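Subject: Structure for your review

Dear colleague,

My notes on it follow directly after.

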Amino acid sequence: MMRICFVGASNVGGQGDVTGKGWVGGLVDLSIAAGAPFVSYNLGVGGQTLTQITERGVVECAPRLPKSKTGLIVLATGLNDLARIRNAPPRLSLEAAAEILTNALPSIQAIAPLIVLGPTPVLESKMPMLVGPKRVTVYLHNADITAVNTRYRAVCDMAKVAYLDLFETLRVDQAYRDGLDANDGLHTDAAGYRTMAEHVFQSAAWKQYGPAG
C-alpha cells in the first residue's frame with residue numbers, strides 16, 4: 001500500500017475543520033471509496049514558513065518512506081511567508097521564496113516522488129487577522145498569493161516537479177469561500193476542505209502520482 005506524507009502548515013493540519021479531517025482526511029475518504037486506499041502521514045504544523053516546511057520535508061519523510069517506489073510526498077507551500085504584519089511588506093520577497101523552494105526540491109525529490117501544492121486563496125474582507133495575545137494585525141492579500149503562485153509554478157516546471165495549482169479554482173469555489181467567511185478568512189471549514197479534497201483528487205497530478213496512478 002502506498003504511503004503518502006503531507007507536509008505543510010495549518011492548512012495541511014485542517015485548522016478550522018471541526019470534524020478534524022481537513023482536506024487530507026477528505027482525500028483519504030475519497031481514495032478509499034475509489035478502491036485505492038493509502039497510508040496517510042499528516043505532517044502539518046501551524047505557523048511554519050516555507051523554510052521550516054521544506055526542512056521537515058526531508059527530516060520527517062525519509063524515515064516514513066523507506067521505499068520510494070511506494071511513497072509520495074505532497075508538500076504544501078503555505079501562506080505564512082506572505083503575511084504582512086501590521087501591513088508591512090510580506091515577510092519574504094518573491095525572489096527569496098522562490099529561492100527557498102528551488103534549493104529545497106532536490107533533497108525532497110531524492111526521498112520519493114513529489115507533488116508541490118501551491119498557496120490557497122484568502123477572503124480579504126476578513127482581513128486583518130488579529131494574532132497572538134497582543135492582537136497583532138496580520139494581512140494576507142490575494143495579489144501577493146497570485147504572484148508567488150506564479151513563481152512557485154515556474155520553479156517546479158524548471159525542476160520537472162508536479163505542481164498542483166488550486167488558487168483560482170478555490171477562489172471561485174462557493175463552498176470554499178463560505179468556509180473562509182465562516183472562519184478567519186485564511187482557513188476554511190469542513191465543507192470547504194471537503195471540496196478542496198475533491199479538487200485534489202480530480203487533479204492530473206494526483207491521478208498520475210497518487211495511489212490509483
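Predicted model: local features only at pLDDT ≥ 70, side-chain atom pairs only at ≥ 80, totals over all residues.

A disulfide would require the pair to be within 2.5 Å. The search of the whole structure accordingly returns 0 disulfides. Cysteine 5 counts as buried, at 0% relative accessibility, and cysteine 156 is likewise buried at 0%.

I turn next to the salt bridges, of which the count is 7. Side chains of opposite charge can pair when their charged atoms come close. Three of these pairs are described here.

- Lysine 21 and aspartate 29 meet through their side chains, with a distance of 2.6 Å from N to O. Lysine 21 counts as partly exposed at 43% relative accessibility, and aspartate 29 is also partly exposed, with a relative accessible area of 29%.
- Arginine 151 forms a salt bridge with glutamate 95, and their closest N and O atoms are 3.7 Å apart. This pair links distant parts of the chain, since arginine 151 belongs to helix H5 (residues 142-159) and glutamate 95 to helix H4 (residues 94-109), 56 residues apart. Arginine 151 is partly exposed, at 30% relative accessibility.
- Aspartate 165 pairs with arginine 153 in a salt bridge whose closest N and O atoms are 3.4 Å apart. Aspartate 165 is in the loop between strand E8 (162-164) and helix H6 (167-171), whereas arginine 153 is in helix H5, so the pair ties together parts that are 12 residues apart in sequence. Both partners are partly exposed: aspartate 165 at 25% relative accessibility and arginine 153 at 33%.

How many of the 12 residues of H2 are buried? The number is 9, and the helix is thus mostly covered. The buried residues of H2 are Gly22, Trp23, Val24, Gly25, Gly26, Leu27, Val28, Leu30 and Ser31. After H2 comes glycine 35, which has a positive phi, near 80 degrees.

Finally, there is the largest pocket. Its volume is about 450 Å³. Which residues lie nearest the centre of this pocket? They are Ser10, Gly47, Asn80, Leu186 and His187, out of 27 residues that line the pocket. By class, the lining of the largest pocket consists of 13 nonpolar, 12 polar and 2 charged residues. Helix H1 (10-13) and strand E6 (129-131) each contribute at least two residues to this lining, and H1 gives the most, with 3 residues.

With kind regards

Conventions
Residues numbered from 1 in each chain as written. Heavy atoms only, no water. Buried < 20%, exposed > 50% of the residue type's maximum accessible area, 1.4 Å probe, protein only. 1 Å grid on protein atoms, 1.4 Å probe; cavity = no way out; pocket = protein on both sides within 12 Å on 5 of 7 lines; lining within 4 Å. Points joined across faces, edges and corners; volume = space filled by probe spheres on them. Helix = DSSP H or I, 4+ residues; strand = E, 2+ residues; numbered from the N terminus. Nonpolar A, V, L, I, M, F, W, Y, C, P; charged D, E, K, R; others polar. Salt bridge = Lys/Arg side-chain N within 4 Å of Asp/Glu carboxyl O.
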